[in-house]
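The points below may be checked against the sequence and the coordinates.

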Amino acid sequence: AAGNVSIIATRRKMIRTHCPEGADIEEHIRSLRGLQQQLANQGQAMLGSEFSTILLTSLPDSWDQFTSSIDKSTITDTADSNSLKLISRILEEDL
């Protein structure tokens with residue numbers, strides 16, 4: 001049961017993570033990836049599509065135009081299980 005508590009705590013932290021306006025996007029992604037890795041270490045590997053959705057949802061409101069321009073296939077791409085395409089698009093946009 002202790003394992004369940006830590007898994008829930010990690011998932012909760014991940015879902016509640018929000019990147020404030022003007023914050024370092026790269027650092028934000030690194031933080032989410034760390035939580036994703038923590039879940040994997042707890043035996044709860046996360047699908048890339050779920051991670052992509054959490055990542056897009058966590059971006060500041062000023063990113064709404066960007067997030068609405070993301071093609072659905074980018075989020076549901078099963079070949080890109082690490083969401084690397086989406087992450088690189090976000091980092092490009094941030095530059």
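The numbered points that follow concern the nonpolar core, a helix pair and an aromatic pair.

1. The model is predicted, and the remarks here should be read accordingly.

2. The largest nonpolar core comprises 21 residues. Those with the most contacts inside this core are M14, I25, F51, L55, L56 and I90. Two or more residues each are given to this core by helix 1 (2–16), helix 2 (25–41), helix 3 (48–58) and helix 6 (84–94). Helix 2 gives the most, with five residues.

3. Leaving aside residues up to four places away in sequence, L56 touches F66, T67, I70, I75, L86 and I90.

4. Helix 2 and helix 3 pack at an angle of about 145 degrees, and their axes are 11 Å apart. The crossing of these two helices is right-handed. On the helix 2 side, H28, I29, L32, R33 and Q36 take part, meeting F51, I54, L55 and S58 of helix 3. By class, the residues of this contact are five nonpolar, three polar and one charged.

5. How many aromatic pairs does the count give? The count comes to one. The partners are W63 and F66, arranged edge-to-face, with 5.2 Å from centre to centre and 85 degrees between the planes. The arrangement counts as edge-to-face because the angle between the planes is over 60 degrees.

6. Are the two partners of this pair buried or exposed? W63 is buried, with a relative accessible area of 11%. F66 is likewise buried, at 7%.

Conventions:
Residues numbered from 1 in each chain as written. Predicted model: local features only at pLDDT ≥ 70, side-chain atom pairs only at ≥ 80, totals over all residues. Heavy atoms only, no water. Core = buried A, V, L, I, M, F, W, Y, C linked by side-chain atoms within 4.5 Å. Buried < 20%, exposed > 50% of the residue type's maximum accessible area, 1.4 Å probe, protein only. Helix = DSSP H or I, 4+ residues; strand = E, 2+ residues; numbered from the N terminus. Contact = heavy atoms within 4.5 Å. Axes fitted to C-alpha atoms, helices over the stretch in contact; angles between N-to-C directions. Left-handed = near helix turned anticlockwise from the far one by under 90°. Nonpolar A, V, L, I, M, F, W, Y, C, P; charged D, E, K, R; others polar. Phe/Tyr/Trp six-rings, centres within 6.5 Å; stacked < 30°, edge-to-face > 60°.
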